[in-house]
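Have your viewer ready and a selection tool at hand. We will go from the whole chain down to a few side chains, one stop at a time.

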Amino acid sequence: MNIRALAVAFLVFAASPAYAQTQWPNQREADFLIKDFRFKSGDIINAVILLHGTSSTGKAWLMPSLADELFAPGAALDATRYFIVLPDGIGRGGSSKPSDGLKARFPHYRYEDIVAAEHQLVTDGLGIKHLRLVMGSSMGGMHTWMWGYMYPDLMDGLIPIASQPIEISGRNWIQRRIAIQAIREDPGWNNGNYEKNPTQWMVTAPYGFLQTENVVQIQAMAPTRDAGDALYFKQREEAKKRDANDTLWGIEAVMDYNPTPHLDKIKAKLMAINSADDETNSARLASTAREISRIPGAKFVLIPASDETHGHFTHLRAKFWKSYVATFMSGISDQ
């Protein structure tokens, strides 16, 4: 099993002119296996792990709307101060996945497998004994809840964003079931043993975007029928870049997610952040506000909906929630 991670340490961003460029020039990424390595300087301190969403990779945290807002000098996660780890979860990016060659023979992993593998990366691979913060958004937010109860003594703080600490159900699950069946019932899927990536399932792929983006933003992007058609087919073209098995395995991985029975195991300081226009994790369900009350001292932040927020995708725009992260980090900085 291969797990890839990008470490954004203080030395990477010491040169401020390079950091100021949104293209992040001269980046290099590779896998290298080191056995029994020990840091000469001792333990890594101020380590932070950031967890990505379902269809993303660790590099998502380097997009300007996140990195420029969070990692700049003096920002909430100042990269000159924190050792930041950006892993690719199992099934994504450079980590092991069905399309590497096993196809349908690749194990049907679940969220607990992803979290356990990333924990091993942090503790065994990087030799980090304690984390200052675990933060994730969307799928990464769900994983953050899991880190909290699976490894309650490992971290000082937890910030799950755009997620709920309940079993995947209702609208959230039905949306996923549609995507699952679209792939499984695609004639070209062949039980996962295809030579050419099937394409029929992509007809429904834009539905996920439709269910997660703010309706005001969708209207702005598609103010006419022709614009709506163009947006639909653009989403289909994006889906063509995704392998069917990788997509299916990734969606089905959520089946073991249910933090509710385990919330009383969480010891770290916790702040959950959702946006009011996120219908994937609808505030009208009141599930996060209800369940978080079981965690002593935990805080729930609900970002107000506006013409500038993006529904579930608000998690990709740190300008809406970075101030809360900064305040949270100042509260655990002396622990």
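Start with the cartoon: the protein chain has 11 helices and seven strands, where helices (H or I, at least four residues) and strands (E, at least two) are DSSP runs numbered from the N terminus. This is a predicted model, in which local features need pLDDT of at least 70 and side-chain atom pairs count only at pLDDT 80 or more, while totals for chains, interfaces and linings use all residues. Residues are numbered from 1 along each chain as its sequence is written, and side-chain values use heavy atoms, with hydrogens and water left out.

**Whole chain.** Of the 335 residues, 50% are buried, meaning under 20% relative accessible area (1.4 Å probe, protein chains only).

**Helix 9.** Next, select residues 244-252. How many of the nine residues of this helix are buried? Nine of the nine are, so helix 9 is largely enclosed by the rest of the structure. Among them are Asp-246, Trp-249 and Glu-252. Then show Asp-243 at the start of helix 9, where one of its side-chain oxygens reaches to within 3.0 Å of the backbone nitrogen of Asn-245.

**Ser-137.** Move on to strand 4 (residues 131-137), which holds Ser-137. Ser-137 is buried, with a relative accessible area of 3%. Which side chain makes a polar contact with the side chain of Ser-137? It is that of His-315, at 2.8 Å; a polar contact is a pair of N or O atoms within 3.5 Å, and within protein one must be able to donate a hydrogen and the other to accept it, with residues adjacent in sequence counting only if both atoms are side-chain atoms. Leaving out residues up to four places away in sequence, Ser-137 also touches Leu-51, His-52, Gly-53, Trp-61 and Ile-161 (heavy atoms within 4.5 Å).

**The cavity.** Keep Ile-161 and His-315 selected, as both line the largest cavity. Strand 6 (residues 269-275) supplies the largest share, three residues. The lining divides into five nonpolar, four polar and no charged residues.

Technical notes:
1 Å grid on protein atoms, 1.4 Å probe; cavity = no way out; pocket = protein on both sides within 12 Å on 5 of 7 lines; lining within 4 Å. Nonpolar A, V, L, I, M, F, W, Y, C, P; charged D, E, K, R; others polar.
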